[in-house]
Amino acid sequence: MADTPFIPIAGDPDSGTAAEGTDPSKPQKAAARVWQRGGRLSSVSDAIGSGLERFLSNAGFDRAPWLAVVFAAGILTWFGLRTPWQWMSVIGLGLILALFALAAWRGDPDRDQLRQAVIACALVFVAGVSVIWIRSEMVGAAAMDRPVIERVQGYVLERTDQPAQDRIRLTMAVRDADTGVGRKIRVNVPMETVAEAVENHSNGALAEGAVVRMRVRLMPPASPMLPGAYDFARAAWFKGLSATGSAMGAVDIIEPAPEASGIATVQRALSAHVRSRVDGSAGTIAAAFASGDRGAILEGDEDAMRDAGLTHLLAISGLHVSAVIAATYFVAIKLLALFPALALRVRLPIMAAAAGAIAGISYTLLTGAQVPTVRSCVAAMLVLIALAMGRDALSLRMVAVAAIFVLLLWPESVVGPSFQMSFSAVLAIVALHTSPAVKAFLAPREEPWFARTGRNIMMLFITGLVIEIALMPIVLFHFHRAGLYGALANVIAIPLVTFISMPLIAVALVFDLVGLGAPFWWVVEASLNLLLGIAHFTAGQPGAVKLMPQMSGLAIALFVLGGLWLALWHGKARLLGFIPAAAATILLLMTPIPDVLIGREGRHVGITIAAEDGSKRLLSLRDSRSSYSRDNLLELSSVTTDPIPLADWEGAQCSAEFCVITLDRGGRQWSLLLARNRELVEERALAAACERADIVVADRYLPYSCNPRWLKADRGLLETSGGLSIDLANERIMAVGDSQGEHGWWRGEGD
């Protein structure tokens, strides 16, 4: 067989020739450029990795607090994402990231710190998302479809006395009349009705364990009235409540509560006893300190405490639990030291810590075991353990362990103001007092007593100021208002409560056992009247309260990031936390005040306008008797004065059915047509009025012929979107439904 001649192919590198018009060196040059780009990317990646590794190695920080932060971030991510596939996606991405770090840097000593950090944070983040998702599926209760009036018979699970509102609140387990499925409801019962119900039964018959029958008006738990308002539907979902309402008519007690007294019975008896010994508003505050029962505190007193920055004193939390445990520890160790035989054979700190632990746990249970109290109790137990072991009792790791404990049991609490404010305050205190500068300032030294007292007073003021700064963004985000003089008020109020009011309440209760508590109760009443006087005086000062519109999610996230970095990091790197905090402050100051606020049902509408003196005023479509609706409109519009009825405003034209008002915003005229009632009008006239309006608002369904130029906010839209906040200058609409997604508590249609 003859050899086949070799025929060169143009462009074949083995042929020794090239196709016409080509350069044989170009493939090699192109490959070289690819390898060069890959090398540069690899070197950049190595440089970043090495920099992160050096940063983590030299940081010298405690990793446990950051793991608690990542766990909380996972929970918050679940709330922020809208759909189950998004929740599953972040779980999958977290697991992939952990596996990547394990595989890519395994056995590499130059990436040890970075590998551990990435794996730990990814897995803890996934755990946070998973825990809250599981919790939601386990405890969530679907809301009723619509308001109903029905007769129910149920078992009383919990009773809460609210004398200030002249009612009690019953949480009951009942069965649905149609399906027979069990559900949990909450019903308000007037005190007069309660008194009539127990006339034929022993005292306290209407309490936990009783079976009662009553006619009730029930409603599904309400979603937020406006964007940024309190989400009761979410809170009710995690409490297992499917409906709330009020009793109508008499209450029949089918089976009285058992005679065996539980913690709730003791709590109510203690609260009543304290109020009988201390008169007036001071008695209601004393009852809150002794038993955690805040139901008797008058609304005016609560508002004054809030605006003065003292409302944290009413919530049984770290201050109260710490005071009880510290007092018990001090008294126990001093009494035990009186017995030399015992002191020489037993470590007194251990026995005193045990006594403090018993007192703290008992006080936590007695006051209702709310999330802040449980957090404080857990942290206090860790402090007692540290004291018994001779270790440093004040550390960020202690705060982290307490936070993870609470979040494992109640992960939903991370979105609530109670958890956020409680941990922010404790974190600020611990970070401040463990800093080198403060340790040097408070270090013992040879000096007169007045100098030492002055330094302690100065440190108390600085601590109060730091707490106010730490809490301000959270308070503004949730409540849209904050007291500006809280640091000054707390300088007097905190020592007054910690060292006078609470210890004397305990002493008075002890001496009441032998009938000698009256003098101590007199001092308690005087001290608490002074506390209320401070609150009312501070809240009444000009500019004492600052109102802000709804803060954006980005702004609060930057505030939290900056605060955590300042608190948890060490060295000069800590100062980097001021960057996100400063950016958040700028965003907060740039937050526009909404021009129009529309409630979730379209009944309540607020319009912000500029008065002649330049101040902001609020026009209200309806003069509501509901303080809840009025307060939401005022707070979210940043207006401190009472709203003006729209019909009384000279710039509005109102008939019996509608109001028309024109607003000048963003360089153009906006015409608003607002329905005042549900009276039907002639369709052709309504259609013509809608054509002339930019925005139409009604609390009923409007016909298709009603076509405004920009927005038709009738019942059909609001059932899907929820309440609306409108910025006309930027033509921006915020809706409650924008942040709800497919979470079980949201009842908006179309999601």
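The legends below describe close-up views of the disulfides and of the strands around them in a predicted model.

Residues are numbered from 1 along each chain as its sequence is written, and side-chain values use heavy atoms, with hydrogens and water left out. Because the model is predicted, local features need pLDDT of at least 70 and side-chain atom pairs count only at pLDDT 80 or more, whereas totals for chains, interfaces and linings use all residues.

**View 1. The disulfide of Cys654 and Cys659.** The structure holds 2 disulfides, a disulfide being a pair of cysteine sulfur atoms within 2.5 Å. In one of them Cys654 is joined to Cys659 with an S to S distance of 1.9 Å, and the link is right-handed, with 115° about the S-S bond. Cys654 counts as partly exposed at 32% relative accessibility, while Cys659 counts as buried at 1%; here buried means under 20% relative accessible area, exposed over 50%, and partly exposed in between, for a 1.4 Å probe and protein chains only.

**View 2. The disulfide of Cys690 and Cys706.** The sulfur atoms of Cys690 and Cys706 lie 2.0 Å apart in a disulfide, and this link is left-handed, with -85° about the S-S bond. Cys690 lies in helix 23 (residues 683–692) and Cys706 in the loop between strand 15 (695–697) and strand 16 (711–713), so the pair ties together parts that are 16 residues apart in sequence. Helices (H or I, at least four residues) and strands (E, at least two) are DSSP runs, numbered from the N terminus. Cys690 is buried, with a relative accessible area of 0%, and Cys706 is buried, with a relative accessible area of 0%. With the bonded cysteines of the protein numbered in sequence order, the pairing reads 1-2, 3-4.

View 3. Cys659 stands opposite Leu674 in strand 14. The hairpin has 2 residues between the strands, and Gly666 takes a positive phi near 60° in it. Strand 14 (residues 668–675) is mostly covered, with 6 of its 8 residues buried.

**View 4. The crossover from strand 14 to strand 15.** Strand 14 also pairs with strand 15, in the parallel sense and over 3 bridges, and Leu673 has Val696 in strand 15 as its bridge partner. The chain passes from strand 14 through helix 23 to strand 15 in a right-handed β-α-β crossover, right-handed meaning that, with the strands pointing away from the viewer, the path from the first strand over the helix to the second runs clockwise.

Terms used:
Pairing = 2+ DSSP bridges.
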